[in-house]
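Open the model in your viewer and keep the selection panel at hand.

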Amino acid sequence: MNNKKQTIKKGVTEALPLAIAIAAYGLSYGVLTTQTSLSLASALAMSLFVFSGSVQMVAVAMLAAGATATSVLIATALLNLRNLLYGAALAEGLSPAPRKWRGLLSFGVSDEAFVLGSARFQKHGPDPLYFGIVAATFYLAWITSSYIGAVIGSQVDPLKCGLDLAFPVTFTAILIPSLRGKPVIATALVAVTITVILQYVTPGNEFTIILAGGLSPLIGLYVSRRTRDNE
């Protein structure tokens, strides 16, 4: 029982800094939904059932630009492909959880939960309870903030308040200590290279994040396999 309490406390404590940044990002998402045809119920439903900040922001931006539903679905599906890789990497750490709970835990897979979960599993071994607490903390932060953002609407400008920078800056600060090993470093370098090149060639291209997020993990997996073969 004490171990469970400690795990819960640890999960909440370590997730809180990122949860605050996620809330700022969610507030921006909520505000942006008021610039589209999405109703309050639709904006909140997307947060409840999609729970992916990058996907939702891309979807809202595309809708605001007049994109068709088909193009939005294709773009968001491609963007979320990285979660397949996240899930595969987290599978061993979540394996002690009963089968009926694994589906629920998989819903909590995200960039932030992956970083904290991976770090925890490397230090302490499989720990589905910790991952569940982290994912739940992020989920509550995202739902609450996106709802508030959608309600206050045009009363807040996220760019003027600097809310658009809160999430990437905090996430980068937490991610940097995890950049260890050839596969991880290779993934990061490829992602940076793809992003810089595409932004130079076609500034503001909405597919930059999709290509960088989809191709760089594949390079990381390749390097990881080569490293294991050479050992």
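Select α5 and colour it by accessibility: R82, Y86, L90, G93 and L94 are buried (under 20% relative accessible area with a 1.4 Å probe and protein chains only; exposed is over 50%, partly exposed in between). Helices here are DSSP runs of H or I with at least four residues, numbered from the N terminus.

This is a predicted model, where local features need pLDDT of at least 70 and side-chain atom pairs count only at pLDDT 80 or more, while totals for chains, interfaces and linings use all residues. Residues are numbered from 1 along each chain as its sequence is written, and side-chain values use heavy atoms, leaving out hydrogens and water.

Stay on α5 and go to A88. The helix bends there by about 30°, the angle between axes fitted to the seven residues ending at a residue and the seven starting there.

Next, show the largest nonpolar core, 28 residues. Such a core is a set of buried Ala, Val, Leu, Ile, Met, Phe, Trp, Tyr and Cys residues joined through side-chain atoms within 4.5 Å. Y29, L116, F131, V134, F138 and W142 have the most contacts inside it. Which element gives the largest share of this core? It is α8, with eight residues. Another core, of eight residues, lies apart from it; pick V58, A59, M62 and I210 among them.

Finish at L63, in helix α3 (residues 53-64). L63 counts as partly exposed because its relative accessibility is 33%. Beyond residues up to four places away in sequence, L63 touches T36, L38 and V72 (heavy atoms within 4.5 Å).

Conventions: Helices (H or I, at least four residues) and strands (E, at least two) are DSSP runs, numbered from the N terminus.
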